[in-house]
Amino acid sequence: GPHAEGAQLLRGGMSLSYGMDIEAEAIFNDQLAEAPENIDKSRAWFYLGKVAWQRGETPRAQAALNQMAEGGHGPLAEEASYLRASALLAQGEEARAMELLYALPKTSRWRYYLHYNSAAYAAAQGDWAAAQAHYTRFDDMPVESAEGLALQEKAQTAAGYAYLAADEPELARAAFET
């Protein structure tokens with residue numbers, strides 16, 4: 001009937017919802033290239049990329065996220081930028097990840113998550129100054145939820161450990177007491 005056009009896409013979405021992301025990816029590859037304009041192709045690619053990221057499959061996540069339309073706006077586009085940048089960090093491409101970080105709106109909550117991941121990456125590289133610079137971004141973070149407060153506290157604790165590793169005990173103490 002009138003919904004036959006989107007039946008395969010619905011099947012792909014349902015497959016993705018049930019954790020069958022390989023099957024969903026095959027369906028999306030077949031169907032989205034010729035899908036009508038009223039179909040939100042970027043949303044399908046976003047969720048496929050997010051599932052791949054959650055499974056630790058960075059190349060698949062990047063491939064799916066790169067299928068999204070350019071210039072998207074809103075929460076999905078911001079989270080997609082966060083996921084792309086996190087994947088770049090995981091591959092050691094810090095400069096490209098930072099480009100995506102600073103392209104995010106200053107009010108985006110994903111910007112703080114990316115600062116945290118960037119700080120952890122810098123700390124793992126032994127670059128304590130860079131880690132501290134990212135962790136101090138949380139001092140001005142607006143805390144609007146329990147999630148935001150937990151992230152801020154986690155960043156302050158991690159900053160304290162970064163200061164200790166950099167042999168700056170007084171700054172570490174201040175970070176732990178905040």
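The sections below take up the basis of the model, then its salt bridges, aromatic pairs, surface patch and individual sites.

## Basis of the report

This is a predicted model, in which local features need pLDDT of at least 70 and side-chain atom pairs count only at pLDDT 80 or more, while totals for chains, interfaces and linings use all residues. Residues are numbered from 1 along each chain as its sequence is written, and side-chain values use heavy atoms, with hydrogens and water left out.

## Salt bridges

Side chains of opposite charge can pair when their charged atoms come close. A search of the whole structure finds 5 salt bridges, a salt bridge being a side-chain nitrogen of Lys or Arg within 4 Å of a carboxyl oxygen of Asp or Glu. One of them joins E79 to K50, with the closest N and O atoms 3.0 Å apart. Because E79 lies in helix α5 (residues 75-90) and K50 in helix α3 (residues 41-54), this pair ties together parts that are 29 residues apart in sequence; helices here are DSSP runs of H or I with at least four residues, numbered from the N terminus. E79 counts as buried at 11% relative accessibility, whereas K50 counts as partly exposed at 23%, where buried means under 20% relative accessible area, exposed over 50% and partly exposed in between, with a 1.4 Å probe and protein chains only.

Another salt bridge is formed by E147 and R109, whose closest N and O atoms are 3.1 Å apart. This pair also links distant parts of the chain, since E147 is in helix α9 (residues 146-165) and R109 in helix α7 (residues 109-124), 38 residues apart. E147 is partly exposed, with a relative accessible area of 41%, and R109 is likewise partly exposed, at 44%. R173 forms a salt bridge with E177, the closest N and O atoms being 3.0 Å apart, and these residues are separated by about one helical turn because they are 4 residues apart in helix α10 (residues 169-177). Both R173 and E177 are exposed.

## Aromatic pairs

A pair of aromatic rings is described by the distance of the centres and the angle of the planes. The count comes to 8 aromatic pairs, under a rule by which rings of Phe, Tyr and Trp (its six-membered ring) pair if their centres lie within 6.5 Å, planes under 30 degrees apart counting as stacked, over 60 as edge-to-face and the rest as tilted. Among these pairs, the rings of Y82 and Y113 have their centres 6.3 Å apart and their planes at 65°, so the pair is edge-to-face. Y82 in helix α5 and Y113 in helix α7 are 31 residues apart, and the pair thus links distant parts of the chain. Y82 is buried, with a relative accessible area of 10%, and Y113 is buried as well, at 19%.

Y116 and F138 form an aromatic pair that is edge-to-face, at 6.4 Å centre to centre and with 85° between the planes. Here too distant parts of the chain are linked, with Y116 in helix α7 and F138 in the loop between α8 (128-135) and α9, 22 residues apart. Y116 and F138 are both buried, and together with Y112 and Y135 they form one aromatic cluster.

## An enclosed helix and a surface patch

Helix α4 (residues 58-65) has 6 of its 8 residues buried, so it is largely enclosed by the rest of the structure. The buried residues are T58, R60, A61, Q62, A64 and L65, and they pack against α2 (21-31), α3 and α5, contact meaning heavy atoms within 4.5 Å.

On the surface, L10, M14, Y18 and M20 form a nonpolar patch with about 470 Å² of accessible area together. Such a patch is made of residues with over 30% relative accessible area and no salt bridge, with nonpolar side chains (Val, Leu, Ile, Met, Phe, Trp, Tyr) joined within 5 Å, and the areas come from the Shrake-Rupley method with a 1.4 Å probe, only the protein chains shown counting as cover for residues. L10 lies in helix α1 (residues 7-17) and counts as exposed at 54% relative accessibility.

## Two further sites

D40 lies in the loop between α2 and α3 and counts as partly exposed at 42% relative accessibility. D40 and Y82 are 42 residues apart in sequence and 20 Å apart in space, C-alpha to C-alpha.

S42, found in helix α3, is buried with a relative accessible area of 15%. When residues up to four places away in sequence are not counted, S42 touches M68 and A69.

Definitions and conventions:
Helix = DSSP H or I, 4+ residues; strand = E, 2+ residues; numbered from the N terminus. Patch = residues over 30% accessible without salt bridge, like charges linked within 9 Å, V, L, I, M, F, W, Y side chains within 5 Å.
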